[in-house]
Amino acid sequence: MEQVIFYILAFVAIVSSLFMITRNNPVHSALWMLLTFFAVAGIFVQLDAEFVAAIQVLVYAGAILVLYLFVVMLLNPKSHGFIKVPFRYAIGVVASVIIVFQVLMTLKSSEVIGKLGWVTPQLAQELGNVKMFGKELFTTYLVPFEIASILLLVAMIGAIVLAKKD
Amino acid sequence: MTLQHYLALSAIIFGVGITGVLVRRNLIVMFMSLELMLNAVNINLAAFSKYLHAMSGQVFIVFVMSVAAAEAAVGLALIITLFKNKETINADEVNFFKG
């Protein structure tokens, strides 16, 4: 059952991301991107990361996608599809296919080893994902968390400065 | 499900993102492909977080997301400014830095 769900989600994610980069209309691209984000959120749920799945839907599908849709509809540019030169187009596709193929071959012949952390499955069952997540975020990663908030503030001010009429 | 399944899915989505950046000329769609690549990285982090019994992967997903949000805000503001000045968002027609 778990496998079936994984393969369905993976199929949806890959197909919708392919549709996303091949649509000529940017609005259609944005809507296919929404479907990709939801499929990735489902993958997160499968990986026992429920809180991250919720954040994925809220931040990516809710905020970032709406920002993209706003800009697309604000500018309403004429459609620029793909590279006009077929040679460069072919090089782009071939290069990325080679990269993916190499990564997949490496995955096939390698084994992942590493030091196991403190989140045992039994502890995860007991505490729940959100509690452990908050504990880790606000103890070990407190300073990076604060820096992330400063980053968002700077980005907000930068966006206002760039986009305001002068 | 093994870790390799998730890593393979992430690699494929990352490859689709690379293809999008390389073959598209629309700046907005190129930015969307960038988000796709960040999403692939997030899948990797979540998978390692589960299979190595560690929480740090999920925390780093949140940091990646905040960087993605900041990048989207600043990048789209730049695109709007560019469109106001040059009336185009085609990457081939933007050549400020060409000598």
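Modeller: A salt bridge here is a side-chain nitrogen of Lys or Arg within 4 Å of a carboxyl oxygen of Asp or Glu. The model is predicted.

Biologist: How many salt bridges does the structure hold over all chains?

Modeller: The count covers all chains. One pair is Asp48(A) with Lys50(B), with the closest N and O atoms 3.8 Å apart. The cut-off is 4 Å, so this pair qualifies. Over all chains, the total is one.

Biologist: Which elements does the pair of Asp48(A) and Lys50(B) link?

Modeller: The pair crosses between chains. Asp48(A) sits in the loop between helix 2 and helix 3 (50-75) of chain A. Lys50(B) lies in helix 2 (residues 27-51) of chain B. The link therefore runs from that chain A loop to helix 2 of chain B.

Biologist: Is Lys50(B) buried or exposed, or in between?

Modeller: Buried means under 20%, and exposed means over 50%. Lys50(B) has 24% relative accessibility.

Biologist: How do helix 1 and helix 2 of chain A run, roughly parallel or roughly antiparallel?

Modeller: Helix 1 (residues 2-22) and helix 2 (residues 26-46) of chain A pack at about 155 degrees, with axes 8 Å apart. Angles over 145 count as roughly antiparallel. So helix 1 of chain A is, to helix 2 of chain A, roughly antiparallel.

Biologist: What residue classes make up the contact of helix 1 with helix 2 of chain A?

Modeller: Helix 1 contributes residues including Phe6(A), Leu9(A) and Glu2(A). Helix 2 contributes Trp32(A), Met33(A) and Gln46(A), among others. By class, the contact has 13 nonpolar, six polar and one charged residues.

Definitions and conventions: Residues are numbered from 1 along each chain as its sequence is written. Chains are lettered from A and ligands numbered from 1 in the order in which they are written. This is a predicted model: local features need pLDDT of at least 70, side-chain atom pairs count only at pLDDT 80 or more; totals for chains, interfaces and linings use all residues. Side-chain values use heavy atoms; hydrogens and water are left out. Axes are lines fitted to C-alpha atoms, for helices over the stretch in contact, and angles run from 0 to 180 degrees between N-to-C directions. Helices (H or I, at least four residues) and strands (E, at least two) are DSSP runs, numbered from the N terminus. Angles under 35 degrees count as roughly parallel, over 145 as roughly antiparallel, 65 to 115 as roughly perpendicular and the rest as oblique. Contact means heavy atoms within 4.5 Å. Ala, Val, Leu, Ile, Met, Phe, Trp, Tyr, Cys and Pro count as nonpolar, Asp, Glu, Lys and Arg as charged, and the others, Gly among them, as polar. Buried means under 20% relative accessible area, exposed over 50%, partly exposed in between (1.4 Å probe, protein chains only).
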